[in-house]
Structure formats: C-alpha cells, structure tokens
Amino acid sequence: MKIRSFEVYILDLPTIRPHQLAMHTITVQTIVVGCVTDEEGREGWSEVATIGGASYGESTPEAIKANIDAYITPLIIGQDPIHFDKIMNDVSKLVRGNYFAKTVVENAIIDLAAKAKGIPAFELFGGQIHKSLPIAWTLASGNTEKDIEEAQDLLQQKRHNIFKLKIGKGDPFKNVEHVRKIKEALGDAARLTVDVNQAWDEDTSNYCIAALQAAGVSMVEQPLAAWDLEGMARLTAKFNVPIMADEAATSIQDVFRIAKYRAGNSIALKPCKHGGMTQTKKVVGIAEAAGLGLYGGTMIESSLGTAACAQLYSTVSDMKFGTEIFGPLLFKDNVTINEIKFENFEVVVPDGPGFGMEIDKEKVKHYARVFSGKQEM
Ligand code: MUC
Ligand code: MG
C-alpha cells in the first residue's frame, strides 16, 4: 500500500466560552486537519491546533497548509505509511523546522498505518501503559467568582480536580491575588497550577512566584520568554514549586538544552511543538534521562487531535503532572462521530483502530475555510 494523496483543511471551530491567554482570547479556535489516502482508498486523519494566528507561535494555520502543500506532500507520495519514521526522516532533510506541519503529516500517516493493520496507534509506540490519565481544566474566564464557581461545579461532577489558571494578561500582582483567592476557596480538594505564557520578566517572576508558592500553587508554567534559558534556570534553582518549560521546549535539541542547563525542571509535551509523535517520544526519553517531570500538554485540539495526544501519552510511563488534553470539552462542536470520554477526573484513552476516532466529513466540510483552489474530500 502506497500513499496516493494528502489534503489539508483549515477549520474554525467556536468555543463554549471565551478562553483568555496572555496573548489572545480564544472564541473561535483554528485547527488544521490532514487527510492522507493510500492506493486502496484507505484514509488517515490528523489535527493540530494553533492559538491566535501568529501570536502564540510561528506556525500559523495558513503557513502550515501552504508548506505542507508546496514542500511536504510531494515528498510523501508513493511511500509506504508503515515507514512513518523513515518518511519523516526524509522530509526533515528537505524541510527545516515547520514542526506543526510535520505533525499534521506524520500523525495522518500513523493513523492510516495503524488502521490498515487494524490496531490502535499506541501499538506502534510500544503499547499502552495507561487506560486513562489525570485531566486538568483551564479556568480562563478572567473573573475570580466565575472561575471558583466553574471549578466547584467541575469538582462536584468529578470531571477535574486539577485546574490551570492563565495569568499572563494584565497586572501580575492582581493576577496572583486572583489565584490565591481561588486556591483559598478550593482548598485541598483541587491542585492549582498557573501558566504565564512568557509574560513576566525576572523581577516580576521573583516576586510573584514566591507569593504563588506561599499560596500553595503546585506548578508554574513558562513565566519567562522562551529564549530566556538562563533566567528560567535561576528561577528553577531558587524556588521549590516546579517550574515548567512549555513554549521553550520545542525541538529535541531545545529540550536537551533545557535539561542540561536545568532551565525548568519539568516539560509540557505537545506533539505539534516537537514535530510529531516519534519526536515526542524522543523528548520523553531526554526528560526521563534528565529527571524532568512530564505533563501531557495541549494546544487545545478538538477530539481528533486530542485522541492522538491521549494515545501517545498513554505510552509514557510516568506523567508526573497528568495531562491537560481537555480541548474537546471547550468546543461547541467536534469533527468526529464518536467522542472522547472524561470520567472520574480522568480522560479515557480511545483504543479503536488508528487514533480510535471516526471522522465526520460533513462537519469537516461545514467548518473548513473555502479556498479559491479546488478542495475535494
Ligand atoms: C498553553 O500555553 O499551555 C494549554 C491549555 C490552555 O488553556 O492553553 C494552552 C496553551
Ligand atoms: Mg503553556
């Protein structure tokens, strides 16, 4: 069986409420969906999400699609999907960076290869260790009372007992007070983490992390700019609360440098940042060897991309900080017929063939942007 075609779609999916980050408030989340077909007519599907155009990272949806269409698709036609690592190795010789684009391509090929064998994709990564994983929710309404209410409701439903607060926007000192009040209201019933999304300088971090640590926060994600490894190393050495690298932890080489200089003592995994599932497993290896704590991160993918993350994370032995792959719960609608289950504070790892999700082509068509060129499914 050989790869016959690769199509890329850009979809805009509305969220159930505004989701406020340091650089952007999401009301419509843009995802990029890939579909690979083989000569027998079988299909593999993949998804990556992006946040706020170019404001979160360099890979915009438009660039992902353009670079796959122009530079990656011609390299994969005629190849055997089961050789997904070899295929991506060949691609990487001619396409630098472009980690999100490579993830769309590799994940679709993996979905196809696993479906053709009638096995879940995690079997191609050594087998499933966890059937379900702890799942955090992000409180990001921007309002203290609303966030407390939302958290209490979710605790009662047994949906989440880990909450992340996005505190990179606005006055850092007011934001720390916002976190302290939420922690006080929830007490020991929930674990609270924060994500600064690179918004603070080192002085602000020194003051605010001390206050967050005193308030009982259990992890601080990416307080400084992604480039500031030295500053991250100083914060990691200074505080007991774990400091997590997210935007800084992209390529395997970047993660190696973080490990070497201890520029963070934990890493947020996201296949899209690392360039696919194979690269993510390499990141896991580096982190395990260096004693860095792992977190199953998200770019807020819908059910399709979340299933791929869940399957890969289920093959990681120790996910110290659990996961945050809550994306499907934030969307008003999904592009798959089946849904991912969330129960007892955990996400249940899909275990059907491929990523275990059945694509809803009508939904893909409905939410896809229309281009002047022909788009067929
Ligand atoms: C990020 O920076 O971690 C993940 C969860 C969330 O609310 O935002 C994303 C991005
Ligand atoms: Mg983050």
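In helix 6, Thr204, Ser205, Cys208, Ile209, Leu212 and Ala215 are buried, where buried means under 20% relative accessible area, exposed over 50%, and partly exposed in between (1.4 Å probe, protein chains only). Helices (H or I, at least four residues) and strands (E, at least two) are DSSP runs, numbered from the N terminus. This is a predicted model, in which local features need pLDDT of at least 70 and side-chain atom pairs count only at pLDDT 80 or more, while totals for chains, interfaces and linings use all residues. Residues are numbered from 1 along each chain as its sequence is written, chains are lettered from A and ligands numbered from 1 in the order in which they are written, and side-chain values use heavy atoms, with hydrogens and water left out.

An α-helix has 3.6 residues a turn, so residues three or four places apart point the same way. The cover over the buried residues of helix 6 includes helix 5 (172-186), strand 7 (191-195), strand 8, helix 7 (229-238) and strand 9; contact here means heavy atoms within 4.5 Å. Helix 6 runs over residues 202-215, and its 14 residues at 1.5 Å each should span 20 Å, which agrees with end C-alpha atoms that are 20 Å apart. The expected span is 1.5 Å times one less than the number of residues in the helix. At the N-terminal end, Asp201 caps helix 6, with a side-chain oxygen 3.3 Å from the backbone nitrogen of Asp203. A polar contact is a pair of N or O atoms within 3.5 Å; within protein, one must be able to donate a hydrogen and the other to accept it, and residues adjacent in sequence count only if both atoms are side-chain atoms. After helix 6 comes Gly216, with a positive phi near 95°.

The metal site comes next. Asp195 (OD), Glu221 (OE) and Asp246 (OD) coordinate the magnesium ion (ligand 2) at 2.0 to 2.2 Å. Glu221 in strand 8 (residues 220-221) and Asp246 in the loop between strand 9 (243-245) and helix 8 (252-261) are 25 residues apart, and the pair links distant parts of the chain. Along the chain, the donors of this ion follow the spacing D-x25-E-x24-D. Donors are N, O and S atoms within 2.8 Å of the metal (3.2 Å for Na, K and Ca); water is not among the atoms, so sites may look incomplete. Glu221 has 0% relative accessibility and therefore counts as buried, and Asp246 is buried with a relative accessible area of 0%.

Asn197 sits in the loop between strand 7 and helix 6. Its side chain makes a polar contact of 2.8 Å with that of Glu247. Beyond residues up to four places away in sequence, Asn197 touches Leu21, Ala22, Met23, Tyr56, Lys166, Glu221, Gln222 and Glu247. Asn197 is buried, at a relative accessible area of 5%.

Asn197 also belongs to the surroundings of ligand 1: of the 16 residues there, the closest are His19, Tyr56, Thr138, Lys164 and Asn197. A residue is near a molecule or strand if one of its heavy atoms lies within 4 Å of it. An oxygen atom of ligand 1 is 2.8 Å from a side-chain N or O atom of His19, and an oxygen atom of the ligand is 2.6 Å from one in Tyr56. For Lys270 the corresponding distance is 3.2 Å. Taken alone, ligand 1 exposes 280 Å², and the protein buries 100% of that. Accessible areas come from the Shrake-Rupley method with a 1.4 Å probe; for residues, only the protein chains shown count as cover.

Tyr56 and Lys270 are also among the residues that Met299 touches, together with Gln29, Ala49, Thr50, Ile51, Phe100 and Cys272, not counting residues up to four places away in sequence. Met299 lies in the loop between strand 11 (293-296) and helix 11 (303-313) and is buried, with a relative accessible area of 2%. Met299 and Gln29 are 270 residues apart in sequence but 9.9 Å apart in space, C-alpha to C-alpha.

His160, in the loop between helix 4 (144-156) and strand 6 (162-166), counts as buried at 0% relative accessibility. A polar atom of the His160 side chain lies 3.0 Å from the backbone oxygen of Ile135, and a polar contact of 3.0 Å joins the side chains of His160 and Arg159.
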